[in-house]
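Visitor: I am new to this structure. Could you show me how to read a ligand site?

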Amino acid sequence: MQKLSSGAISGILYIVATPIGNLGDISPRAAGTLAEVDFIAAEDTRVTLKLLNHLGIKKPLISYYAHNMAESGDKIAARLLAGESCALVTDAGTPAVSDPGEALVRLCASAGIEVISVPGPCAAVAALAASGLGSGRFTFEGFLSTARRARSERLCELKDERRAMIFYEAPHKLLRTLSDMLEALGDRRVSISRELTKIHEETLRCTLSEAVETFRERAPRGEFVLVIEGAPPPEIRGDPSAAQAELERLSERGMSLRDAARLAAERFGVSKNALYTAALKGARKQ
Ligand code: SAM
């Protein structure tokens, strides 16, 4: 916040991350920026007003959301060029991540306005960290298209993606999405984080088929992020010993032999029946 206190901030756009549920997650720097800028551009001014009231901040608000981006973006850029400073916030999390903001950043950058990120909560990163799935390399997919064909085409393109994949999904579409993923990607491990940082927060780590079963029995409620494990490397497909090792690993974790055989066979491209039969024989010998 030195730039703000020194008074040398004229004409800066601050991209400010806000809590995804727990208000305690607002950073001192984010709160300080909101307190010191000339005005705040908000996705929904009513939502932001609640946050500002919680922080005891009074500040002029301007709305910047999906349907007024062009018009509102021009107004914001003009004010920034005239020397004012602005904080952009969305309803929750990091602006420009599946949220309005990207176009404003582009507009400001092309007009020579300085853009500064004030990092903080982001549902995708919070879910990835809790997933235990390939956080070394991952890819962010955000929301799948609602159009059936576009969605299944995208999922088919992702079948061989090796990195863990992060998706956002609305509760009423969750079951459909999990079923489509199961069909397109095969039975893989998935980590489903719900209501992160809120009272009913939970993370379910299972396979896609188990997730489909779970949400068939229990209607999904709240906000969800899915992290799906990437495809195994091509060189280990069709590898019976890798499949055997995977089956042992899964059954040691408490998965039934049948499910472990199905998942390991899918991952390593071997026959499910052969793997299951061999595992049964092995189990009988013990
Ligand atoms: N820009 C935001 C961010 O950085 O997290 C994401 C905005 S996007 C419009 C909203 C989606 O993020 C929700 O549909 C849900 O998939 C996910 N999300 C937001 N808050 C969440 C939470 N507390 N728990 C789980 N998912 C959340």
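Predicted model: local features only at pLDDT ≥ 70, side-chain atom pairs only at ≥ 80, totals over all residues.

Visitor: Which residues come nearest to the ligand?

Guide: A residue is near a molecule if one of its heavy atoms lies within 4 Å of it. Here 18 residues are around the ligand, and Thr-94, Val-97, Ala-123, Leu-196 and Phe-224 come nearest.

Visitor: How does that shell divide into nonpolar, polar and charged residues?

Guide: Ala, Val, Leu, Ile, Met, Phe, Trp, Tyr, Cys and Pro count as nonpolar, Asp, Glu, Lys and Arg as charged, and the others, Gly among them, as polar. The shell holds 10 nonpolar, three polar and five charged residues.

Visitor: What lies 2.8 Å from a nitrogen atom of the ligand?

Guide: A polar contact is a pair of N or O atoms within 3.5 Å. At 2.8 Å from a ligand nitrogen there is a backbone N or O atom of Leu-196; for Ile-20, a backbone N or O atom lies 2.9 Å from a nitrogen of the ligand. Glu-223 brings a polar side-chain atom to 3.4 Å from a ligand nitrogen.

Definitions and conventions: Residues numbered from 1 in each chain as written. Heavy atoms only, no water. Polar contact = N/O pair within 3.5 Å; in protein donor to acceptor, adjacent residues only side chain to side chain.
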